[in-house]
Amino acid sequence: MVLYHRTTKANAEQIVARKAFEDRSGRVGNSGILSGVWLTSAPVAPYDGLHGTVLLKVTIHKTESELSKYERTEQGNLYREFVIPAMWFKHASTIEIADDP
């Protein structure tokens with residue numbers, strides 16, 4: 001499954017070099033405080049409220065059913081959102097800088 005993560009240039013370089021994310025905690029919409037890595041099913045632009053100028057393409061070698069428990073829904077979104085624990089990416093994903101549409 002291919003998902004996307006927007007971040008700063010400095011963070012992107014570290015993530016790609018380490019091939020790993022770190023969990024972050026924060027308030028997300030009406031879901032309260034969540035901890036993990038926030039990803040979307042489609043590239044989301046920085047003007048949509050996200051910080052960072054670099055878009056990462058994350059290919060997760062897990063099935064949709066395995067990831068479904070980490071999906072969060074918010075009415076009106078044109079993309080799917082996931083908050084996934086960072087440990088899932090260590091040996092089961094490919095992380096690369098994506099072309100930003």
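Visitor: What makes Glu81 and Arg72 buried or exposed?
Guide: Both Glu81 and Arg72 are buried. Buried means under 20% relative accessible area, exposed over 50%, and partly exposed in between, with a 1.4 Å probe and protein chains only. Glu81 has 4% relative accessibility, so Glu81 counts as buried.

Visitor: Where do these numbers come from?
Guide: This is a predicted model, in which local features need pLDDT of at least 70, side-chain atom pairs count only at pLDDT 80 or more, and totals for chains, interfaces and linings use all residues. Residues are numbered from 1 along each chain as its sequence is written, and side-chain values use heavy atoms, leaving out hydrogens and water.

Visitor: Why is the meeting of Glu81 and Arg72 called a salt bridge?
Guide: A salt bridge is a side-chain nitrogen of Lys or Arg within 4 Å of a carboxyl oxygen of Asp or Glu. The side chains of Glu81 and Arg72 meet at 2.6 Å, N to O, so the pair is a salt bridge.

Visitor: What makes Thr40 buried or exposed?
Guide: Thr40 has 2% relative accessibility, so Thr40 counts as buried. Among the residues Thr40 touches is Glu81, where contact means heavy atoms within 4.5 Å.

Key
Lists of a residue's contacts leave out its neighbours within four places in sequence.
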